[in-house]
Amino acid sequence: MMTNAYLNAVYQDTVRRNQGENEFLQAVLEVFTSLEPYVERHPELAAHGIMERLVEPERMVTFRVTWEDDGGRVHVNRGYRVQFSSAIGPYKGGLRFHPSVNASIIKFLGFEQIFKNSLTSLALGGAKGGADFDPKGRSDGEVMRFCQAFMTELHRHIGANCDVPAGDIGVGSREIGYLFGQYKRLCNNFTGVLTGKGLQFGGSLTRKEATGYGLLYFVEEMLRSLAHETVFGKTIVVSGSGNVAIYAVEKATHLGGRVIAMSDSGGYIVDEGGIRLDVVKAIKEEERGRISEYARRVPGSRYVEGCGGIWSLPCQVALPCATQNELDLAAARTLVENGVMAVGEGANMPCTAQAVAWFQEHGVLFAPAKAANAGGVAASGLEMSQNAMRATWSFEQVNEKLRDIMINIFRVSQEAAEACGRPGDLVTGANVAGFQKVADAMLSEGLY
Ligand code: NDP
């Protein structure tokens with residue numbers, strides 16, 4: 001419960017005007033709660049209506065996406081793009097293709113993206129989009145036709161200096177390629193209108209690795225600064241086995257950690273000897289298969305049905321990298337009982353509010369998504385820079401910049417937490433540090 005009357009009133013109004021949008025309201029409440037000390041000290045925010053403007057997207061479009069499957073059957077999906085804030089730069093945020101996608105999920109992701117993008121120190125506004133389309137089990141031809149139909153509407157709303165989408169759940173390099181091809185065909189314009197592109201047509205080295213690597217750079221810095229520890233020698237559990245999870249495991253292993261488990265929405269695998277990432281990449285990136293296949297290929301490993309049980313495995317570092325609200329209070333209690341010392345959110349809002357509170361109350365170092373998974377959008381920002389300059393930077397150049405950005409995000413979050421009288425509370429720190437720049441820009445730009 002917030003004590004600040006202004007924040008309370010705006011939140012109650014947000015609840016009234018966005019009924020049933022639980023994920024969006026969860027994200028707003030989390031941000032508002034941690035901004036309370038800052039808002040108390042800055043009455044100009046209320047005077048200029050900053051919070052009520054921030055919770056209302058600048059623009060949101062929903063549209064019909066009609067496509068034909070391989071059998072000639074017509075399908076209709078719903079597409080979304082929410083352009084939440086352009087206060088500090090062109091709209092930027094990923095596209096998610098998953099059957100669960102709805103207005104609430106797209107708005108929670110777009111809202112969080114405002115602050116995350118601000119934290120990167122790059123000039124990027126906040127946006128998100130997607131569709132309730134499930135690419136799983138679809139042929140390449142079907143995915144291509146869906147992407148073309150989706151872009152046939154979306155192209156009116158985006159542009160290299162206006163709104164630059166990227167990938168997210170269900171949208172990887174294959175989908176970005178089809179979306180880019182259709183944009184180019186419709187607009188007769190070869191520009192960096194999407195990030196996460198193939199290397200042959202303007203993509204950046206390290207974009208694929210950036211979110212997972214960035215998460216580990218952040219967690220390593222958090223362990224070092226707040227506990228005089230490192231990832232080296234730690235037992236680690238990573239949920240998911242998609243883009244973020246795979247490259248989190250890769251960097252954790254580079255840093256000397258031992259990752260013993262990964263999952264997908266069906267269940268999880270345990271390999272006490274350390275996950276063989278070559279096998280996971282073959283199953284997930286090449287064959288688009290299920291994680292259960294790992295146990296059939298690697299002797300000594302096992303598969304357990306049901307993904308939630310992964311948090312019952314004893315570990316020192318837990319990295320939820322699958323989806324929102326995948327780690328609840330019961331899971332947090334079990335992790336704490338089993339001695340977890342650090343949790344880093346690779347996915348967006350993977351821990352429920354109760355789980356986050358439990359970790360914080362029990363002295364677990366907690367790296368919130370906004371800060372810890374900002375590596376993906378940071379590398380996307382670097383891809384935009386390369387496109388604008390028509391330059392190509394090496395893997396080492398981009399990786400070095402990515403590492404610097406993640407360490408800087410940790411520092412500014414830590415400093416903001418200290419300034420609010422909550423040292424070590426990186427949830428507060430990340431929200432305040434991300435918010436400050438956006439609010440200052442809004443105050444300077446006049447009413448809109
Ligand atoms: P992918 O589509 O590549 O992978 C998602 C993974 O999560 C899959 O293994 C999927 O399994 C699994 N999954 C989905 N739902 C559940 C569930 N309920 N329980 C367990 N596992 C589940 O997506 P990304 O790796 O790109 O994204 C993962 C998370 O990271 C999302 O929250 C996303 O918003 C966030 N993120 C992604 C960024 C990026 O650069 N890609 C940047 C910043 C954040 P299955 O195949 O069975 O569905």
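**Close-up views of a predicted model**

**View 1. Gly-344 and its partner across the strand pair.** Gly-344 stands opposite Ala-367, a residue of β12. The model shown here and in the other views is predicted. Strand β11 covers residues 342–344. Three bridges join β11 to β12. The two strands run parallel.

**View 2. The open sheet of seven strands.** The strand order is β9-β8-β7-β6-β10-β11-β12. The sheet is open, and its pairing is mixed. Strands β9 (302–305) and β12 (365–367) stand at the edges. Each of these two has a single partner strand, so one side of each is left without a neighbour in the sheet. Neighbouring strands are turned by 15 degrees against each other on average, direction ignored. Strands of a sheet pair through backbone hydrogen bonds, either parallel or antiparallel.

**View 3. Helix α9 across two strands of the sheet.** Helix α9 spans residues 243–254. The helix lies across β6 (235–239) and β7 (258–263). Helix α9 runs at about 170 degrees to β7. In the sheet order, β7 and β6 stand between β8 and β10.

**View 4. Arg-81, a buried arginine in strand β2.** Strand β2 comprises residues 74–85, and Arg-81 has its place there. Arg-81 counts as buried because its relative accessibility is 0%, and the cut-off for buried is under 20%. The Arg-81 side chain reaches two backbone oxygens. One belongs to Gly-93, at 3.1 Å. The other belongs to Gly-94, at 3.3 Å.

Conventions. Residues are numbered from 1 along each chain as its sequence is written. This is a predicted model: local features need pLDDT of at least 70, side-chain atom pairs count only at pLDDT 80 or more; totals for chains, interfaces and linings use all residues. Side-chain values use heavy atoms; hydrogens and water are left out. Helices (H or I, at least four residues) and strands (E, at least two) are DSSP runs, numbered from the N terminus. Buried means under 20% relative accessible area, exposed over 50%, partly exposed in between (1.4 Å probe, protein chains only). A polar contact is a pair of N or O atoms within 3.5 Å; within protein, one must be able to donate a hydrogen and the other to accept it, and residues adjacent in sequence count only if both atoms are side-chain atoms. Two strands pair if DSSP finds at least two bridges between them. Axes are lines fitted to C-alpha atoms, for helices over the stretch in contact, and angles run from 0 to 180 degrees between N-to-C directions. Contact means heavy atoms within 4.5 Å.
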